[in-house]
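Please keep the structure open while you read this note. The points are numbered so that you can check them one by one.

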Amino acid sequence: MAEDRRREMEERVKGDVEPKEHFENVELRTHKRIDQSLCGTLVELDVGYARVELETTREMAVDEMGLVHGGFTFGAADFAAMAAVNDPNVVLVGSECRFLSPVKVGDKIVFEAKELYKETRKRNIRVIGYFEDIKVFEGEFMAVVLERHVLKLKLVKDEE
């Protein structure tokens, strides 16, 4: 059942677009120093597509019942979205997300991200997260690809 659900998720996220390259041919060009123990492990990368798996740990729990803080779920979804764009100068500018089911310690959440919209520098990325056959997260991320690193940009105020 879980494998069928995972396949359905892949078809929904990937749509009709066939990946041009496979993981071993596409190198991660963004978020290279991210702590994958907190934000998930990149397990697949294609042009415009990424899959990240988050193994939840007790350090992520907010209570004695083992409820995982939503920030870890969001962080893994964000990492998947940025990896799908895969540009060293990609910056998240917004998101619209829904947390659909609680996540607990010990759950392995699989996030799949697909770049939906690519106009000049603007990007829209859809991300879906599942635990087994349960959809726990869905969202749309808005990103911008800058000419250089966001911390190297000169602000108008600095130029005066």
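1. Start with a term. Two residues are in contact when heavy atoms of theirs lie within 4.5 Å. With that cut-off, G94 touches E140, F141 and M142, leaving aside residues up to four places away in sequence. G94 lies in strand β3. From G94 to E140 the sequence distance is 46 residues, while their C-alpha atoms are 8.5 Å apart in space.

2. A caution on the source. This is a predicted model. Read each value below as computed from that model.

3. Now the overall layout. The protein has 4 helices and 6 strands. Along the sequence, they follow the pattern α-α-β-β-α-β-β-β-β-α.

4. Contacts across the sequence come next. Take the contacts between residues at least 6 apart in sequence. Of these, 64% join residues at least 24 apart. The pair G94 and E140, 46 residues apart in sequence, shows what such a separation looks like.

5. How much of the protein is buried? Of its 160 residues, 39% count as buried. The accessible surface comes to about 9600 Å². Carbon and sulfur atoms account for 50% of that surface.

6. Look at helix α3, residues 70-85. It has 16 residues, and 12 of them are buried, so the rest of the structure largely encloses this helix. The buried residues include T73, G75, F79, M82 and V85. An α-helix has 3.6 residues a turn, so residues three or four places apart point the same way. Keep that in mind when you view the helix from its end.

7. What follows α3? N86 does, and its phi is positive, near 55 degrees. N86 has this positive phi although it is not a glycine. The residue sits in the loop between α3 (70-85) and β3 (90-99). N86 is buried because its relative accessible area is 9%, and buried means under 20%.

8. E132 also has a positive phi of about 55 degrees, although it is not a glycine. E132 is found in the loop between β5 (122-131) and β6. Is E132 buried or partly exposed? With a relative accessible area of 44%, E132 is partly exposed.

9. Turn to the charged pairs. A search of the whole structure finds 9 salt bridges. One of them joins the side chains of R98 and E138, at 2.1 Å from N to O. R98 lies in strand β3 and E138 in strand β6, so this pair ties together parts that are 40 residues apart in sequence. R98 is partly exposed, at 49% relative accessibility. E138 is buried, with a relative accessible area of 9%.

10. E138 has a further partner. Its side chain meets that of K135 in a salt bridge of 2.9 Å, N to O. K135 is partly exposed, with a relative accessible area of 23%. R98, R126, K135 and E138 are linked in a network of salt bridges.

11. Another salt bridge joins the side chains of R123 and E115, at 2.9 Å from N to O. Where do these two residues sit, buried or exposed? Both R123 and E115 are buried.

12. Now the cysteines. A disulfide is a covalent bond between the sulfur atoms of two cysteines. How many disulfides does a search of the whole structure find? The count is 0. C39 counts as buried, at 19% relative accessibility. C97 counts as partly exposed, at 26%. The cut-off matters here: buried means under 20%.

13. Finish at the surface. V150, L151 and L153 form a nonpolar patch there. Together they have about 280 Å² of accessible area. V150 lies in the loop between β6 (134-145) and α4 (156-159). V150 is partly exposed, with a relative accessible area of 40%.

Definitions and conventions
Residues numbered from 1 in each chain as written. Predicted model: local features only at pLDDT ≥ 70, side-chain atom pairs only at ≥ 80, totals over all residues. Heavy atoms only, no water. Helix = DSSP H or I, 4+ residues; strand = E, 2+ residues; numbered from the N terminus. Buried < 20%, exposed > 50% of the residue type's maximum accessible area, 1.4 Å probe, protein only. Areas by Shrake-Rupley, 256 points an atom, 1.4 Å probe, with all protein chains shown as cover. Disulfide = S-S within 2.5 Å. Patch = residues over 30% accessible without salt bridge, like charges linked within 9 Å, V, L, I, M, F, W, Y side chains within 5 Å. Salt bridge = Lys/Arg side-chain N within 4 Å of Asp/Glu carboxyl O.
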